[in-house]
Amino acid sequence: MSRAGHRHRDVAIISFAQLPPVARDAARDEAELVQPVVNQALAEAGLTRKDIGFTVSGSCDYLIGRPFSFVSALDGVAPWPPIAESHVEMDGAWALYEAWVRLQQGDVDTALVYAYGKSSLGDLPAILTTQLDPYYLAPLGIDGISLAALQARALLDSGRASERDLAAVAAARRGGDAAALLGAAYTVAPLRAHDCPTVADGACAVVLAAGDVARRSARKAWIRGIDHRVEPHQLGSRDLTCSPSTTTAAEHAGVASLGAIDVAELHAPFSHQELILRDALGLGASVSINPSGGALVANAMMVAGLARIGSAAARIHDGTARTAVAHATSGPCLQQNLVCALAAEVSP
Amino acid sequence: MSATRCAIVGIGQTHHKAKRSDVSIAGLVREAAARALADAELDWKDIDAVVIGKAPDMFEGVMMPELYLADALGAAGKPILRVHTAGSVGGSTAIVAAQTVISGVHRRVLTVAFEKQSESDAMWALSPRIPFQPQLTAGAGGYFAPLVRAYIHRAGAPAEVGMMVAVKDRVNALKNPYAHLRIKGIDLAMVRDSPMLWDPIRYLETCPSSDGACAMVLTDEDGAKASPRPPAWVHGLATRSEPVMFAGRNQVDPQAGRDCAREVYAQARIGDPRQDIDLAELYVPFSWFEPMWLENLGFAAAGQGWKLTESGATALGGSLPINPSGGVLSSNPIGASGMLRFAEAAMQVRDQAGEHQVDGARRALGHAYGGGSQFFAMWIVGRERP
């Protein structure tokens with residue numbers, strides 16, 4: 001879809017900072033969530049606000065329960081003198097995509113990306129009902145966990161996974177014994193509490209750099225490719241047991257060109273979704289999946305996708321990985337997916 | 001890496017009304033998108049990606065509606081981005097879309113902005129109760145009226161200037177078949193006699209609340225060559241944002257607006273905007289913002305903008321037509337209002353504006369602002385390839 005023979009400008013993630021996700025961070029407002037992670041990400045990048053060429057964020061008004069939440073959050077960046085800035089009503093991973101696009105133009109070398117989410121102010125599964133087609137789906141009143149349970153049921157019925165496989169994912173991320181987890185009661189069958197995300201309040205920030213700033217930077221995780229795709233919204237139009245948009249995004253992000261993948265950070269809020277995503281990305285047993293714990297153990301809405309990219313980059317920064325795949329999702333039952341291919345080495 | 005030029009080859013908008021009860025939200029956005037594709041003589045399958053924008057989701061009561069709208073916009077299997085930068089969002093959305101072309105990431109992008117305000121009460125959605133801040137229970141007018149008062153006081157402007165803008169934009173709207181407000185016989189007396197809503201802003205000096213959408217097809221140089229109709233070329237684009245809580249702000253003449261204008265003029269190699277720009281579509285939701293923005297954008301010196309308006313220069317037959325489409329004062333689907341400014345500017349340099357065409361328009365400014373006069377998005381479009 002991009003221009004034939006077009007070569008992207010090399011862009012690196014040079015720092016990543018996140019608040020420790022907590023179930024309820026009652027004391028912080030939007031700006032107070034954003035300010036510490038922005039300050040830390042800039043400090044770790046060795047940059048100040050004045051060095052940043054473009055700023056972009058991701059968040060969602062419906063979590064805070066009021067319009068223009070991102071406007072208040074911007075004060076956490078102290079944008080004075082005025083800055084070149086944008087915002088997506090999406091997970092911060094898509095803000096990072098917009099920043100990567102902006103850096104392709106070549107006139108600026110640095111971008112600050114941040115995301116925040118405060119789900120503790122409302123009933124998240126019920127709020128997610130309002131994300132559905134307002135004419136045909138939302139009136140049915142199906143909540144976020146029930147939608148995921150429909151998808152899990154479809155996967156089990158396909159014979160490609162069992163409840164034991166779901167428990168094995170939960171045990172791997174949360175610790176504990178898979179067999180013992182199967183003794184727990186269903187939350188919404190076939191999902192048990194351990195299959196559902198631990199919802200958190202949180203914020204994170206990433207600094208991107210290209211050109212000389214990237215070359216001078218102490219730590220670099222090069223973005224070898226990034227792409228995102230959406231699927232039809234109507235659940236009946238989709239095969240919920242697979243994620244073709246993830247596969248397409250991975251192809252366009254050049255995941256295959258990475259060679260052996262050391263780490264994958266998958267934005268799978270539900271245990272069965274990790275299985276679907278591993279299939280969609282063709283990840284073998286040698287890949288370390290979600291060493292951060294992933295979105296199952298800390299699902300800070302609008303943050304968790306960007307945090308997957310940041311966490312994958314952090315593994316390259318600390319030298320424990322040479323290559324990594326990061327994934328972010330949005331919408332009911334993995335409707336929209338983003339894939340980012342990262343490497344310690346710049347593209348050949 | 002190779003930056004390319006960006007051109008607008010398709011433009012579409014809906015008929016804007018208080019209630020478009022004849023269409024769903026999806027039907028509304030699809031109406032504008034289909035018109036843009038028809039203008040470009042392209043099909044849904046020709047589009048590489050969709051960039052969609054709207055103001056707060058509370059206006060329709062649908063959280064992140066782009067997920068649901070992906071089907072109607074032919075986005076399945078493609079990338080879709082959703083932008084939200086308050087009132088400036090229609091402009092910012094076009095800019096994000098243009099950047100995916102300029103960066104070489106996509107070749108043909110559909111960008112759409114909409115609001116279906118009849119689904120809710122925009123006054124309510126614009127009056128949030130924010131902890132530790134005084135609640136504004138009077139919508140956007142309640143926020144902006146003190147800024148207008150400050151402007152009138154500082155500039156020593158006569159009261160008629162705001163009313164003149166209200167009349168001029170509604171006269172222009174009578175020439176725009178898509179406009180929401182089409183007030184036959186509009187004149188100064190009618191504006192003067194309309195109720196005072198937020199002193200000094202009268203009812204007829206205020207924008208309506210509309211259902212509507214706008215869409216454009218943006219493409220690269222090859223796409224522009226293949227265009228069946230003359231393209232509009234992007235000569236410059238820029239955004240600037242400034243804080244909420246900062247005592248050093250001048251909300252009457254915001255620094256972010258001045259910086260954004262300086263940047264976009266530099267990109268378009270505009271030395272004197274008064275001479276080098278043939279017309280502007282400015283985001284004027286309350287009449288007095290015309291002279292305020294004329295100063296902020298460098299068309300007039302500080303305190304002098306009202307004289308430009310008063311002289312008649314900003315009328316359709318004047319030397320610097322402002323809002324020949326009728327502007328936000330005549331159609332205001334908030335999320336789309338910025339993109340309508342950008343699209344109307346492009347229509348003018350494509351000689352596509354019909355009855356409200358400015359003769360010989362070669363370069364035009366599209367302008368949008370949002371938040372508490374703190375988010376700005378602008379582009380300059382031209383008839384010639386830059």
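Which residues is B:Val112 in contact with, leaving aside its neighbours within four places in sequence? In this predicted model, those partners are B:Val29, B:Ala32, B:Ala33, B:Val50, B:Ile52, B:Leu73, B:Ala213 and B:Ala215.

B:Val112 also belongs to the largest nonpolar core, which holds 258 residues. Together with A:Val113 and A:Leu342, B:Val112 touches the most other members of that core. Within chain A, at least three residues of the core come from domain 1 (11-121 + 198-343), and at least three from domain 2 (141-195). In soluble globular proteins, nonpolar side chains tend to be buried together.

Chain A itself contains 13 helices and 13 strands. Of its 348 residues, 60% are buried. Among contacts in chain A with a separation of 6 or more, 79% are between residues 24 or more positions apart. The C-alpha trace of chain A spans about 55 × 45 × 40 Å along its principal axes. The radius of gyration of chain A is 19 Å, which agrees with a compact globule, because a globule of 348 residues would have a value near 20 Å.

The two chains meet through 59 residues of chain A and 55 residues of chain B. On the chain A side, helix 2 (61-64), helix 3 (69-74), strand 3 (85-88), helix 4 (92-104) and strand 8 (221-230) each supply at least two residues. Helix 4 of chain A gives the largest share, five residues. The classes on this side are as follows.

| Class, side of chain A that touches chain B | Count |
|---|---|
| Nonpolar | 25 residues |
| Polar | 19 residues |

Note on methods: Residues numbered from 1 in each chain as written. Chains lettered and ligands numbered in written order. Predicted model: local features only at pLDDT ≥ 70, side-chain atom pairs only at ≥ 80, totals over all residues. Core = buried A, V, L, I, M, F, W, Y, C linked by C-beta atoms within 7 Å. Buried ≥ 20, exposed ≤ 12 C-beta atoms within 10 Å, placed from the backbone. Domains from an automatic or database assignment. Contact = placed C-beta atoms within 7 Å. Helix = DSSP H or I, 4+ residues; strand = E, 2+ residues; numbered from the N terminus. Nonpolar A, V, L, I, M, F, W, Y, C, P; charged D, E, K, R; others polar. Rg over C-alpha atoms; globule rule 2.2 N^0.38 Å.
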